[in-house]
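Biologist: Hello! I am new to reading protein models, and I would like a close look at a single part. Could you show me the structure to begin with?

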Amino acid sequence: MCHFLQRSTILSFPKICNILWRLHHTSISQMCSCRKTISDEKYQDPFQLGRKDLKNLYEDIKKELLVSTAELREMCEYYFDGKGKAFRPMIVVLMARACNIHHNNSREMQASQRSVAVIAEMIHTASLVHDDVIDDANSRRGKMTVNQIWGERKAVLAGDFILSAASVALARIGNTTIISVLTQVIEDLVRGEFLQLGSKENENERFAHYLEKTFKKTASLIANSCKAVSILGCPDPKVHEIAYQYGKNVGIAFQLIDDVLDFTSCADHLGKPTAADLKLGLATGPVLFACRQFPEMNAMIMRRFSKPGDVERARKYVLQSDGVQQTTYLAQRYCHEATREISKLRPSPEREALIQLTEMVV
């Protein structure tokens, strides 16, 4: 399974589907056994366990946004209202503590490690502001977007300012390795956005393109933030790789499930419109899997669902196919691999919480 996931971006799409089918029918008992093992352990709520380290997270972020202009300050603080899930910083602080305990049984969180959690949330939020401009989105987290309230030009500047403040906070850590690791995230975000703007005609290349875009736009931030705190807490490169692989696999699974929810959830639950990806011309996992059962979707994918009725027809095909189930199962496999990686660390409440998190994602 590990070999499959590492090579999943270069395997042909039919082979991926075939592998998933075989795994689905041969390893259900193994997955049930794994879940039983996890449930038999003392349950650790990731959000509850990470709460103490995330106390005053958004207040600390606002302190980083030293803005003299009232309007710019209001724009920059708009999404830092404490109503987000804080999913990324929560993973980062749990990973930091798990690595610290693994290294020398230290129960203390380093200030620089917590700073990485703050920076990760700032980079993530800046990318949301920019994404909403590119997508011309009108709602995010159940309220109007920055670009809808203040306009596109000011929204771009607000995103830039949040990113610059994150860069200043990163420089203050004073570790060139950490700077290198986290600036890779910013490069990946840009490259991921360019990948999303493009498309592939070949069916096999299309799925690899989708997975690469998913990693760069979503998983890279989680993977590299986990790697950064592991570097700060432990000198062992093997631990750095464990942290990175955990973040990568959880990040990809998280986005796969988000793509599923675009078809199965209501707008009130998501906090943003449903079928949004189709309306943007994007073919996500459920669409690509559905395309195998409904080849007529190929033409719609290539024209990015631009003709009248394309979005409605494509959504109907996805819901009639096993696209949602296949994408969900692929997410489960990524979570299974994340669990396998993090289980290499010494047992701790934080490690168990990170394992529990993989189940919560799906």
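Biologist: What volume does the second largest pocket have? Please walk me through its lining as well.

Modeller: Happy to! Please keep in mind that this is a predicted model. The second largest pocket has a volume of about 230 Å³. Its lining is made up of 14 residues, and those lying nearest the centre of the pocket are Arg51, Leu54, Tyr58, Lys85 and Ala86. If you want to find the pocket on screen, look for two helices: α4 (46–54) and α5 (57–64) are the elements that give two or more residues to the lining. Of the elements, α4 gives the most, with 4 residues.

The protein holds 20 helices and 2 strands, and its chain has 362 residues, of which 55% are buried. Its accessible surface comes to about 16,300 Å², with 52% of that belonging to carbon and sulfur atoms. The contacts also tell you how the chain comes together: if you take contacts between residues at least 6 apart in sequence, 74% of them join residues at least 24 apart.

To finish, here is one residue you can look up yourself. Gly285 is found in helix α16 (residues 285–293). Gly285 counts as buried because its relative accessibility is 0%. Leaving aside residues up to four places away in sequence, Gly285 touches Tyr210 and Thr327.

Notes: Residues are numbered from 1 along each chain as its sequence is written. This is a predicted model: local features need pLDDT of at least 70, side-chain atom pairs count only at pLDDT 80 or more; totals for chains, interfaces and linings use all residues. Side-chain values use heavy atoms; hydrogens and water are left out. On a 1 Å grid over the protein atoms alone, a cavity is a set of points where a 1.4 Å probe fits but cannot get out, and a pocket is an open set with protein on both sides within 12 Å along at least five of seven lines; lining residues have an atom within 4 Å of a point. Grid points are joined across faces, edges and corners, and a volume is the space filled by probe spheres set on the points. Buried means under 20% relative accessible area, exposed over 50%, partly exposed in between (1.4 Å probe, protein chains only). Contact means heavy atoms within 4.5 Å. Accessible areas come from the Shrake-Rupley method with a 1.4 Å probe; for residues, only the protein chains shown count as cover.
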